Amino acid sequence: MGLASSCESDTRQDEELLYFVQVPVTLHIYDVDPSSPMQLLNNFLSLWETGAFHVGVEIYDKEWSFGAYGIHDCRPRDCAGH
């Protein structure tokens with residue numbers, strides 16, 4: 001009986017996995033705005049091969065990122081200032 005219930009449990013988990021759809025997710029990494037004071041900091045930090053960058057996550061044909069006014073979306077690779 002333990003074996004049968006284990007098989008039933010595995011089948012149920014397999015059926016639940018059918019509801020998950022794989023979609024591509026892309027991480028976009030940008031330099032900060034060249035006119036930003038952060039660029040001065042990045043010039044200094046580049047001595048240690050590091051710096052501050054902006055990132056956006058693209059999913060379902062939108063790019064999401066965090067800015068001065070919170071989380072926002074834009075067309076992929078078309079956000080103002082990057």
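Arg 75 counts as exposed, at 58% relative accessibility; exposed means over 50% relative accessible area, buried under 20%, and partly exposed in between, with a 1.4 Å probe and protein chains only. The side chain of Arg 75 meets that of Asp 78 in a salt bridge, 2.3 Å from N to O. The term stands for a side-chain nitrogen of Lys or Arg within 4 Å of a carboxyl oxygen of Asp or Glu. Asp 78 itself is partly exposed, at 41%.

Before I go on, the conditions. This is a predicted model, where local features need pLDDT of at least 70 and side-chain atom pairs count only at pLDDT 80 or more, while totals for chains, interfaces and linings use all residues. Residues are numbered from 1 along each chain as its sequence is written, and side-chain values use heavy atoms, with hydrogens and water left out.

How many salt bridges does a search of the whole structure find? Two. Besides the pair of Arg 75 and Asp 78, there is one between the side chains of Asp 73 and Lys 62, at 3.3 Å, N to O. That pair links distant parts of the chain, with Asp 73 in strand E4 and Lys 62 in strand E3, eleven residues apart. Asp 73 is partly exposed, with a relative accessible area of 34%, and Lys 62 is partly exposed too, at 38%.

Now the fold. The protein chain has two helices and four strands, running α-β-α-β-β-β from the N terminus on. Helices (H or I, at least four residues) and strands (E, at least two) are DSSP runs, numbered from the N terminus.

The four strands form an open sheet, ordered E1-E2-E3-E4, with antiparallel pairing; two strands pair if DSSP finds at least two bridges between them. Strand E1, residues 26-31, and strand E4, residues 70-74, are at the edges with a single partner strand each, so one side of each has no neighbour in the sheet. Between E2 (residues 53-59) and E3 (residues 62-67) there are three bridges, and these two strands run antiparallel. Ile 59 stands opposite Lys 62 in E3, the Lys 62 of the salt bridge with Asp 73.

Next, the surface. A nonpolar patch consists of Val 25, Leu 27, Ile 29, Phe 53, Val 55 and Val 57, together about 550 Å² of accessible area. Patches are made of residues with over 30% relative accessible area and no salt bridge, like charges being joined within 9 Å and nonpolar side chains (Val, Leu, Ile, Met, Phe, Trp, Tyr) within 5 Å. E2 gives the most, with three residues. Ile 29, in strand E1, is exposed at 57% relative accessible area.

Last, the interior. Buried residues make up 16% of the 82 residues. Asn 42 is buried, at 8%, and lies in helix H2, residues 37-45. What is Asn 42 in contact with, leaving aside its neighbours within four places in sequence? Val 32, Thr 50, Gly 51 and Ala 52, where contact means heavy atoms within 4.5 Å. Over the protein chain, 43% of contacts between residues at least 6 apart in sequence join residues at least 24 apart.

How values were computed:
Areas by Shrake-Rupley, 256 points an atom, 1.4 Å probe, with all protein chains shown as cover.
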